[in-house]
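Hi everyone, thanks for coming. Today I'd like to walk you through one structure, starting with how its chains meet.

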Amino acid sequence: MNAVARIVGGLLVTFASLGGANAAGPAASAPPSKAGTHTVLIENLRFVPETLEIRRGDTVVWENRDLVPHTATAEGRFDSGNIAPKASWRHRFDAAGTLAVVCRYHPTMKAQVVVR
Amino acid sequence: MHVLARALAAASALVLATSAYAQGGAPNDAQIAGIVVAANQVDIDAGRLAEQHASNADVKAFGKRMVTDHTAVNKSAVALANKLKLKPEDSETAQSLKKGGADNVANLKTLKGAAFDKAYVDHEVAYHQAVIDALDKTLVPNAKNAELKALLEKSRPAFVAHLDHARDLQSKLGK
């Protein structure tokens with residue numbers, strides 16, 4: 001193979017790989033390469049923060065710092081069950097969307113998780 | 001006696017008893033601990049009754065929640081009292097709370113169905129409001145020990161959430 005053919009061949013390979021990446025869709029919709037962990041404190045009968053924005057694949061840990069038990073519940077999606085004082089519970093979010101989270105025990109406690 | 005009048009009488013007994021300290025001197029830490037334990041116990045007793053006898057499922061669940069939450073708060077209060085070597089002391093306020101609680105339970109035992117639910121929830125609204133007032137006006141300002149003061153402050157949001165929850169039930173039962 002002569003030098004020109006070698007260079008053209010190299011360019012074609014580069015083109016093909018770029019095309020391949022485009023065909024798979026924009027990079028933004030690919031799962032994040034590095035999943036993060038976020039903490040929501042349950043304190044004074046509130047979720048802190050009340051709105052949490054995360055990325056697909058991230059994990060959220062709910063940490064109960066109150067004297068009384070709580071739950072972190074998104075109806076039809078997930079339910080922590082009883083989270084005792086000083087205990088915590090974690091959940092990984094794989095789908096995008098906005099989820100309303102409540103404590104089943106204390107209806108005044110409302111929060112949301114926005115998964116991008 | 002009309003149920004609401006009874007609930008108000010029980011709640012105002014607490015307010016009167018705690019405001020008596022304004023004239024007769026402040027409660028000490030041991031008395032404050034005694035008031036906290038009595039206040040929680042009163043609501044545990046009423047909650048147990050509601051858990052068994054309420055006809056509305058939401059009222060039943062609320063009663064169960066009161067038992068769980070006030071038991072948890074009392075557990076923390078007793079643990080702190082032990083740590084501080086503070087023996088919860090009886091007082092006029094604690095006695096008035098216990099009497100109000102016993103009167104409420106005695107009244108509830110004479111009621112059934114929707115009448116029970118309404119009387120229980122009305123009393124819960126008045127009771128939680130009275131305890132929040134007592135915390136703000138008497139218990140927190142007079143607590144000497146910093147850890148006791150912190151525990152009182154930490155328990156307050158639960159009473160507020162319970163009050164809002166009870167008010168919400170009250171408005172639903174009224175419909």
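Let's begin with a term: buried area is the accessible area, taken with a 1.4 Å probe, that two parts lose on being put together, summed over both. Between chain B and chain A that area is about 1100 Å², and carbon and sulfur atoms give 69% of it. Please keep in mind that this is a predicted model, where local features need pLDDT of at least 70, side-chain atom pairs count only at pLDDT 80 or more, and totals for chains, interfaces and linings use all residues. Residues are numbered from 1 along each chain as its sequence is written, chains are lettered from A in the order in which they are written, and side-chain values use heavy atoms, leaving out hydrogens and water.

Who takes part? Chain B brings 15 residues to the contact (heavy atoms within 4.5 Å), and chain A brings eleven. How many salt bridges (a side-chain nitrogen of Lys or Arg within 4 Å of a carboxyl oxygen of Asp or Glu) are there between chain B and chain A? The count is zero.

On the chain B side, helix 3 (57–83) and helix 6 (146–173) each supply at least two residues. Helices here are DSSP runs (H or I, at least four residues), numbered from the N terminus. Helix 6 of chain B gives the most, with nine residues.

Now look inside chain B. The axes (lines fitted to C-alpha atoms over the stretch in contact, with angles from 0 to 180 degrees between N-to-C directions) of helix 3 and helix 5 (residues 113–142) come within 11 Å and cross at roughly 40°. Among the residues meeting there are B:F62 and B:M66 from helix 3, and B:Y120 and B:Y127 from helix 5.
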